Amino acid sequence: MQQSPGAPRQPITSSTRVDQVGFRPQLMRGIKAGLAVVAMIIMLIPAVWMGMTAFKSRPDAVSVPPKVFFEPTVEGFVSLLTKRRQLTGEEIDAYKQRIDLSFADRLALKRGQAIIGQSDFPKFLRNSLIISTVSTFFSVFFGVLAAYAFSRFKVRGENDLLFFILSTRMLPPVVVTIPIFLMYRALNLYDTHFGLILLYTAFNLSFAVWLLKGFIDEIPREYEEAALVDGYTRLQAFRKIVLPQSMTGIAATTVFSFIFAWNEYAFALMLTADVARTAPPSLPSRIGTGGVEWAAIAAGSLACLVPVILLTFGLRQHLLRGVTFGAIRKG
Amino acid sequence: MSGIRLEGITKRFGDLTALRDLSLTVHDGEFFVLLGPTGAGKTTTLRVIAGLERQEEGAVYFDEHLMNEIPPADRDTAFVFQQYSLYPNMTVYENMAFPLKSPLRNLDKGEIDRRIRETAEKLRIGQLLDRKTANLSGGEMQRVSIGRAIVREPRVFLMDEPLSNLDAKLRESLRVELEHLQKTQGITTIFVTHDQIEALTMADRLAVLNEGRIVQVGTPEDIYDRPATTFVAQLVGTPRINLIEAQRRNGVLKMSKGAVELPYADSAVSLPETFLLGIRPEDITLRADGEFTGEVVLTEPLGVETIIHLKTGEERLLAVVAGTKQIAIGETVSFGVVTDHLHFFGADQKRLGEAGGE
């Protein structure tokens, strides 16, 4: 590299901006950081509370005043994952004599219960995973194709179509649950994986199209056009140039779609029973069977959080630019 | 390499007609420039040739082959865009390899590598090959763009204002380089610009476009010395040509608002009674024995030359003198007019007398 005239001899290693040094700016930054920390704590309290409850014993979970310090136990997880039976006093004594009891059995015994089988929760969690993943895949797949078409081609009635796509989100889902329930019954889609995948894909698609169109609009057409004259078909140009460039948008759309499908409650409650039931509606159904098992519910909620957290962290590099939406640096 | 022929091209974008019945022939191996103001249809013409836009009417021929239905990939043109043309997140090497790796070409790795290194050397970008394109300067980027275009020896080279985003010095040096490259490679080149200096210096022939129509086609000399319309006359040449309302009366040409009267040789052009007189600033010479006098309103010293704004009667004229000249504003000077290069335009803005160009 050639040294340009007037350039400093020594590399500049610290900021020379006058507005970034001195007492006042530093104080301001300190205050901002402090506020951010306070906001973060407020937002984290429910999550932390849930995490704590998940590891509390049943009496600890409901104790008043709430216990901040307690002896952690996996009792909640055991009751989440098992079906149990209440034992009589004699049975408890009999059980205590047995030496073939597992760790989980002994935990249940403390509450006077015997494990009689696995609960359905792992199945519900698996359903959630299948339905969310597949519907997210289709939302993003069709979304990116539709968004590309809207962004690049002259589509007749483009604005009307885009508005129509958006309008599918305008009714609160609950309003349409009954008609959809009746339709699903008639079409034999009730309590099927396919039914929920279809519904979530349709729901997320409008969102995906709009979000991705914004990202694709930001990619200069010249890139593809250069590829077209360089000897590639439009599909090849799309795959080699547009797709890598829209990874940010795809990541953002994936996370949002996945979170929606994963958290969705109302439709899942109405449209599934045993076969295709997802995790969220399965949790409240634990309320009422032999008292509220708060520890089990918290454990289930915690389990529900994990995939979303993993996905978000996995895509965080792309997301960091994605959440700023249109603010991608040009050139 | 090919010659290119456009026949009656019309292109509309909604209500806007970008090209109206445009016909054009570019010879094989020629450096052809499309010159015109913004919105004249230059870029659209280029995109129609590349196949990036489809014309509503008319035909595009490469040599004698009709290209209307041929997709851009199979037309084998190379396009240099004004900006944004390098693929991001690829290195310079990958950018230049991209057209060669096209499934259409089916070249082996060694051949691709050989061609890239050869081209890189020609454009003096060998040291940049491993760099990401985001870390290049503007001049380097356009050099790589040009490299990516010539690396595969296309039938025709299409350049859409490739120099306009560069600073003046860089533009000048890259212009010379491009010209040299085109002359040595002999690739048919169509070059779009709104800069008349680029057009005049680089072109073998050029076409002046305005509002989607071709106004004039010819060599730079044709365009400069025999502009077909007042539009062309004003577009080329800096400082801009003096266009003056004038009258023919009793064998003399008289400026309507000025004091200048010029002798009128009957043989040259048959003139109507009123017309527009065009005088290039370099044809107005300041000299002590000049027939006319004028008041200096403003001077613009440019180093090589000085532009002098003169007021004579109610008319204002631009004159150019060589070097820097110390003339006070408000001073009265004498000047003459070189009558060999006068331009005459009728009320319809068209050139009177001998036709300009083709």
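This is a predicted model: local features need pLDDT of at least 70, side-chain atom pairs count only at pLDDT 80 or more; totals for chains, interfaces and linings use all residues.
Local features need pLDDT of at least 70 and side-chain atom pairs count only at pLDDT 80 or more, whereas totals for chains, interfaces and linings use all residues; side-chain values use heavy atoms, with hydrogens and water left out. Residues are numbered from 1 along each chain as its sequence is written, with chains lettered from A and ligands numbered from 1 in the order in which they are written.

We may start with chain A. Helix 1 (residues 23-54) of chain A holds A:Ile45; helices (H or I, at least four residues) and strands (E, at least two) are DSSP runs, numbered from the N terminus. A:Ile45 belongs to a nonpolar surface patch together with A:Val37, A:Met40, A:Ile41, A:Leu44 and A:Val48, and the accessible area of the patch is about 520 Å². Patch residues have over 30% relative accessible area and no salt bridge, with nonpolar side chains (Val, Leu, Ile, Met, Phe, Trp, Tyr) joined within 5 Å and like charges within 9 Å. Areas follow the Shrake-Rupley method with a 1.4 Å probe, and for residues only the protein chains shown count as cover; a salt bridge is a side-chain nitrogen of Lys or Arg within 4 Å of a carboxyl oxygen of Asp or Glu. Elsewhere in chain A, the loop between helix 2 (58-62) and helix 3 (75-81) contains A:Pro65, which a cis peptide bond with omega of about -5 degrees joins to A:Val64.

One is an open sheet of five strands in the order 13-12-11-14-20, with antiparallel pairing (two strands pair if DSSP finds at least two bridges between them). Strand 13 (261-263) and strand 20 (343-345) of chain B each have a single partner strand, so one side of each lacks a neighbour in the sheet. Within this sheet, strand 11 (residues 242-249) and strand 14 (residues 274-279) of chain B are antiparallel partners over six bridges, and B:Gln247 lies opposite B:Thr274 of strand 14.

The other open sheet of chain B has five strands in the order 15-19-16-17-18, again paired antiparallel. Its edges are strand 15 (284-286) and strand 18 (315-322), each pairing on one side only. Strand 15 runs antiparallel to strand 19 (residues 332-337) of chain B and is joined to it by three bridges; here B:Ile284 faces B:Val337 of strand 19.

Finally, the peptide bond from B:Thr238 to B:Pro239 is cis, with omega near -10 degrees.
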